[in-house]
Amino acid sequence: MDDPARDPERREPDQRDLRLRDVVAALESLYPLESAADWDRVGLVTGEPDQPVRRILFALDPTLAVIDEAREWGADLLVTHHPLLLRGVHSVATTSAKGASVTALVRAGVALWVGHTNADVADPGVSTVLADALGLTDQRPLSRDGGNAGRVGELAEPVSLADFADVVSAALPATAGGIRVSGDPDATVRTVAVMGGSGDDRFDDVRAHGADVYVTADLRHHPVLEAREEARGGPPYLVDAGHWATESLWLESGRQRLLGALGHRAAAARVETRVSAIRTEPWTFVVGANAARPAPAVPPTGGVS
């Protein structure tokens, strides 16, 4: 049965169209699969290499809602940062979300290509785009372990930690959870380390670079507490800006770089691209933010009896 979300006339092959194999080759010239971490699952997930590609949708996550957007727009290719099948699955029945996702993609003829850790370590890549958004100069890799992961750079001039947090907030898309900061609001920062997405395994690298502040996401209680104990209240201060917010900026960069890589092909002029309008941040609201206050340095005496 025909899928009403598709335009059957637009699906007819045309010799002037790009083929999926051409677009995949361009993507993998920008984000080589061999640069991905061993545990990662990147590259082409669904799709027929000879199918025509006229519309490409970019999104951070291949959620059911994003797949619906791709189908309704008539996309031939969905490019996401996060993998759909990172961990092993034993069924793609539609009774599970993963199965429903794979089935929807295949039935609609939407190919899926994933650029995850191979996009993280690219230059420009996820962390480069984040560093650029924060205005960092003199950029260099935070770590060369497994590729050029993260970035370190300098602000144009020193600012307070509180003012820097405002810079981060203004540069990134708004989120339900906002931004969490650990450190004295009046402390001075200039050297900044960044890691898009989860980054609490890079504290040693941050310290080695002498960074004043580290911007990343998914900071967990124990690693953060230990890092702040090691710092004895000083730098590096920490900014948890959220996983979706710190990585979603890469999508527009990836879109533009792909168009650049395809630009020498006449058929590229027939390709439409866009970044998904769906926010795949899973959080929807918070309660009691900033309700807690730092404990006083010296407990009150309770007055004079």
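Predicted model: local features only at pLDDT ≥ 70, side-chain atom pairs only at ≥ 80, totals over all residues.
Local features here need pLDDT of at least 70 and side-chain atom pairs pLDDT 80 or more, while totals for chains, interfaces and linings use all residues. Residues are numbered from 1 along each chain as its sequence is written, and side-chain values use heavy atoms, leaving out hydrogens and water.

Q: Is Asp-200 buried or exposed?
A: Let's start with the cut-offs: buried means under 20% relative accessible area, exposed over 50%, and partly exposed in between, with a 1.4 Å probe and protein chains only. Asp-200 has 12% relative accessibility, so Asp-200 counts as buried.

Q: Which residue's side chain does Asp-200 join in a polar contact of 2.7 Å?
A: A polar contact is a pair of N or O atoms within 3.5 Å; within protein, one must be able to donate a hydrogen and the other to accept it, and residues adjacent in sequence count only if both atoms are side-chain atoms. At 2.7 Å, the side chain of Asp-200 pairs up with that of Arg-220.

Q: How many charged residues are in the lining of the largest pocket?
A: Asp, Glu, Lys and Arg count as charged; Ala, Val, Leu, Ile, Met, Phe, Trp, Tyr, Cys and Pro as nonpolar; and the others, Gly among them, as polar. The lining of the largest pocket has 28 residues. By class, 15 are nonpolar and seven polar, and the charged ones number six.

Q: Which helix gives the largest share of that lining of the largest pocket?
A: Helices (H or I, at least four residues) and strands (E, at least two) are DSSP runs, numbered from the N terminus. Among the elements that each supply at least two lining residues are helix 6 (161-171) and helix 8 (221-231). The largest share, four residues, comes from helix 8.

Definitions and conventions:
1 Å grid on protein atoms, 1.4 Å probe; cavity = no way out; pocket = protein on both sides within 12 Å on 5 of 7 lines; lining within 4 Å.
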